[in-house]
Amino acid sequence: SICLEMSSFKSTYSLNDAESAYLAYKWIEQNIEYDKNDEEQGNSSTSISTVYKTGKGGVIGITGLFKTMCDRLKIKSDIILGLTKTFSDDYPSKIITKEYAWNYISTDNEFYLIDVVMELNFNKDFSFIKRDSDFYFGMDPEASIRLHFPNDNKWQLLPKIITKDEFKS
């Protein structure tokens with residue numbers, strides 16, 4: 001499996017946890033497709049094995065796959081639940097908030113905010129686009145809060161917590 005290969009690579013090249021998590025992030029970017037239909041059909045909890053086997057899934061399936069890969073690489077990680085801002089399908093100029101999920105990893109008491117789903121960019125007709133950006137790996141909390149509002153305020157990782165109303169505005 002890919003996790004065994006990554007574990008071997010991690011040990012052969014003495015990669016730290018952040019570097020190993022980055023490998024998992026890039027593997028997902030290159031091999032998994034965000035499936036908007038999965039979300040619309042209410043299947044956002046598509047199993048991790050289905051996402052891995054089919055190469056596509058919704059937010060929960062993709063964030064779950066990243067967490068599983070980190071778990072197998074012995075990297076402390078989890079899924080953060082909250083809200084994100086996006087454009088309305090009905091009114092493309094209108095920004096709405098909707099339920100969302102992203103990840104974090106913890107290494108040496110440092111937290112890294114990671115959004116592999118946003119990395120899987122798609123255009124207006126939702127056809128898949130590969131792009132090479134690392135913006136969503138180890139996001140700066142000040143930048144992250146513009147698009148991500150966690151249900152648990154501790155995941156804002158900010159010196160001053162903002163409210164949901166502040167996030168929405």
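This is a predicted model: local features need pLDDT of at least 70, side-chain atom pairs count only at pLDDT 80 or more; totals for chains, interfaces and linings use all residues.
Local features are reported at pLDDT of at least 70 and side-chain atom pairs at pLDDT 80 or more, whereas totals for chains, interfaces and linings use all residues. Residues are numbered from 1 along each chain as its sequence is written, and side-chain values use heavy atoms, with hydrogens and water left out. Five strands form an open antiparallel sheet, and the largest nonpolar core has 33 residues.

**Sheet**

- The strand order is β6-β5-β4-β3-β7; strands (E, at least two residues) and helices (H or I, at least four) are DSSP runs numbered from the N terminus.
- β6 and β7 stand at the edges with a single partner strand each, so one side of each has no neighbour in the sheet.
- The twist averages 45° from one strand to the next, with axes fitted as lines to C-alpha atoms (for helices over the stretch in contact) and angles running from 0 to 180 degrees between N-to-C directions.
- β3 (residues 76-87) pairs with β4 in the antiparallel sense over twelve bridges, where pairing requires at least two DSSP bridges between two strands.
- β5 and β6 run antiparallel and are joined by two bridges; Ile114 stands opposite Phe137 in β6.

**Helices on the sheet**

- α2 lies across β4, β5 and β6 and runs at about 135° to β4.
- α5 lies across β3, β4 and β5, at about 5° to β4.

**Nonpolar cores**

- A nonpolar core is a set of buried Ala, Val, Leu, Ile, Met, Phe, Trp, Tyr and Cys residues joined through side-chain atoms within 4.5 Å.
- Buried means under 20% relative accessible area, exposed over 50%, and partly exposed in between (1.4 Å probe, protein chains only).
- In the largest core, Ile28, Ile32, Ile62 and Phe66 have the most contacts inside it.
- α2 (17-31), α5 (59-72), β4 (95-107), β5 (110-114), α6 (116-119) and β6 (137-139) each supply at least two residues of this core, and α5 gives the most, with six.
- Leaving aside residues up to four places away in sequence, Ile62 touches Ile28, Ile32, Glu33, Tyr34, Val51, Gly57, Val116, Val117 and Leu120; contact means heavy atoms within 4.5 Å.
- A second, separate core of five residues includes Leu83, Ile145, Leu158 and Phe167.

**Aromatic contacts**

- Ten aromatic pairs are found in the whole structure; rings of Phe, Tyr and Trp (its six-membered ring) pair if their centres lie within 6.5 Å, with planes under 30 degrees apart counted as stacked, over 60 as edge-to-face and the rest as tilted.
- The ring centres of Tyr104 and Phe111 are 5.8 Å apart and their planes are at 70°, so this pair is edge-to-face.
- Tyr104 is buried at 8% relative accessible area, while Phe111 is partly exposed at 38%.
- Tyr22, Tyr25 and Phe137 are linked into a cluster by ring pairs.
- The charged end of Lys85 sits over the ring of Phe167, 4.6 Å from its centre; this term requires NZ of Lys or CZ of Arg within 6 Å of the ring centre and within 35 degrees of the ring normal.

**Backbone features**

- Asn109, in the loop between β4 and β5, has a positive phi of about 60° although it is not a glycine, and is exposed at 74% relative accessibility.
- Leu157, in the loop between β7 and α8 (164-168), is also not a glycine and has a positive phi of about 55°; Leu157 is partly exposed at 29% relative accessibility.
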